[in-house]
Amino acid sequence: MLFEPYVNEGYLDFSDEATLTRFRSVLERVRGELGRDYPLVIGGERVTTGDWLESIDPCQPARVVGRSAKAKASEIEAAMAAAQQAFRSWSGLPMAHRARLLVKLAAVLRRRREELASWEVFEASKNYLEAIADVAEAIDFCEYYARQSLELAGPRPAHSFRGEENTSTLMAMGVGVVIPPWNFLLAILVGTTVGPVVVGNTVILKPSPSTPIIAQKFMECVAEAGFPAGVINLLTGDDADLGDALVDHPQTRFINFTGSVATGMRINERAAKVQPGQNWLKRVFTEMGGKDALIVDETADIAAAVDAAVASAFGFQGQKCSAMSRLIAVEAIYDELLDAFVARTRELSVGPAEQNADVAAVINRKQYDKILRYIETGKHEARLVLGGGAAGDPEQGFFIEPTIFAEVPQSATIACEEIFGPVVSVMKARDFEHALQIANASMYGLTGGVCSRDRARIERARRELEVGNLYVNRKITGALVGVQPFGGLKMSGTNAKAGGPDYLRGFMEMKTVTERF
Ligand code: NAD
């Protein structure tokens, strides 16, 4: 066996005083490194452009986390050429060679995990546990895909035919564009990059303009692990300069996107158009948003359901695609559940991520304004029972109060659209059947949950809830790589199932050779 069996990376226990002290000292060190400049990485060369993208700390917007060079059209061409060139040798290497590099990369990430988590605290306002969990997931993607790739090496099983030699082998596709979101700023960025790369593709990585510095730190790790130049190229910059241009490029072979439904639909449409000089149909992976519901019935353990609801709704300020934004309670326990949910939410601390608050700032001013607009809409659509506005002056940080609306009708905007912030719609169902109907009446189908002790209802939910990831009697966030392959149904995306056994196959093509003798 080339590698020891796969196991998920553990988190840190911040209730342990020594662990907490050590983490705070790393945080302190990283604080001293804020505000630096980072060039692009094209074909292993570090390239500056004279123009900078500023990354700021959402908890303290006057603080610059770092500046990353802004790429324009000429850098896109250079990155495409570098990735094309690297593809020739990279795609021809044995799978095990590339897999070993992923395991080395995992080792580098692991060695630097507290430092990387600290960057996440500053750049995305993750509290300590959310940050360390994100780094752990990035490590898991490297370890898991390294092992998965080995299963795709060599000829695929086929029946034999007399007088002929038949072989079907999988091979890499070419140069892909990787477009991750800012919310799992390291984990998704790493997973969507190393997946296609381990099976022989080369990529241009274009991170979110909100979180370019973590991408720069990742590139440091890629270099340290010994990846050849040009296999992973980094272009940071504005969406207006890079988004459409990378998607439309005739040399782009596939696009691995995770983000909002609006951007995903745009990419899907544009990528469908064959450009002059393009000799393939682009393969497009779009993993998109959610409007995730947790159903609680009258047989449920209410205290456990409340724990699950609070963790799912307000972890990382509700900015998870898997976050619970709809809590659907059957009439019989509606009041009891609502009261307990509000009481528990009231206990959450709101404050800087650096101080490890439960709920820190949302990512940027644009999201902050958007979430507050939804809250105002909600005030006309339902009954506000907690929060309902900004927590302080946005000049000092983009803090929003954990907000709960009750008796939210199914047709309300706040019950239908993804808000992506600390806002929950609590909805009343007549019974379990009605609860299932409400949950399924969404264009999204990412995660969902049921808290119940009724076996027949649990079985029914397993069959009927239209989601890619269903959780029973637990929180609906925190999918583990290799354990809970992640990806949605319906408008939540193409169901690539990150961290699952079928993921890597999507970035390969099969060639069949038949020789008669
Ligand atoms: P977004 O759609 O605004 O941006 C996602 C990425 O697309 C970013 O890198 C952005 O720079 C880029 N982009 C923007 N315009 C583009 C264009 N025209 N062409 C190409 N790329 C472009 O999403 P976001 O705000 O970064 O992330 C939040 C969203 O991501 C939420 O909707 C959330 O539910 C979703 N999400 C989904 C999953 C999943 O696995 N399904 C996981 C995490 C986040």
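This is a predicted model: local features need pLDDT of at least 70, side-chain atom pairs count only at pLDDT 80 or more; totals for chains, interfaces and linings use all residues.
1. **Polar pairs at the ligand.** Trp182 places a polar side-chain atom 2.8 Å from an oxygen atom of the ligand. Asp244 has an N or O atom in its side chain 3.3 Å from a nitrogen atom of the ligand. For Arg266, a polar side-chain atom lies 3.5 Å from a nitrogen atom of the ligand.

2. **A three-strand sheet.** Next, the sheet. The sheet is open and has three strands, in the order β1-β5-β4. Its pairing is mixed. Strands β1 (36–38) and β4 (52–57) are the edges, and each pairs on one side only. From one strand to the next, the twist averages 35 degrees.

3. **The β1 and β5 pair.** Strand β5 covers residues 60–69. β1 and β5 run in the parallel sense where they pair, over three bridges. To find the pairing by eye, look for Asp37, which stands opposite Arg67 in β5.

4. **Gly174, a loop glycine.** Gly174 sits in the loop between β6 (164–172) and β7 (175–179). Is Gly174 buried or exposed? Gly174 is buried, because its relative accessible area is 8%, and the cut-off for buried is under 20%. Leaving aside residues up to four places away in sequence, Gly174 touches Phe87, Asn201, Thr202, Arg253 and Phe254. Ala498 is 324 residues from Gly174 along the chain, and their C-alpha atoms are separated by 20 Å.

5. **Helix α7, length.** Helix α7 spans residues 212–225, 14 residues in total. From its first C-alpha to its last it reaches 20 Å. That is close to the 20 Å expected at 1.5 Å a residue. After α7 comes Gly226, with a positive phi near 95 degrees.

6. **Helix α7, burial.** Why is α7 described as largely enclosed by the rest of the structure? Of its 14 residues, 11 are buried, so the description holds. The buried residues run through Pro212, Ile213, Ile214, Ala215, Gln216, Lys217, Phe218 and Met219, and also include Cys221, Val222 and Ala225. Lys217 and Gln216 are both on that list. An α-helix has 3.6 residues a turn, so residues three or four places apart point the same way.

Definitions and conventions: Residues are numbered from 1 along each chain as its sequence is written. Side-chain values use heavy atoms; hydrogens and water are left out. Two strands pair if DSSP finds at least two bridges between them. Helices (H or I, at least four residues) and strands (E, at least two) are DSSP runs, numbered from the N terminus. Axes are lines fitted to C-alpha atoms, for helices over the stretch in contact, and angles run from 0 to 180 degrees between N-to-C directions. Buried means under 20% relative accessible area, exposed over 50%, partly exposed in between (1.4 Å probe, protein chains only). Contact means heavy atoms within 4.5 Å. The expected span of a helix is 1.5 Å times one less than its number of residues. A polar contact is a pair of N or O atoms within 3.5 Å; within protein, one must be able to donate a hydrogen and the other to accept it, and residues adjacent in sequence count only if both atoms are side-chain atoms.
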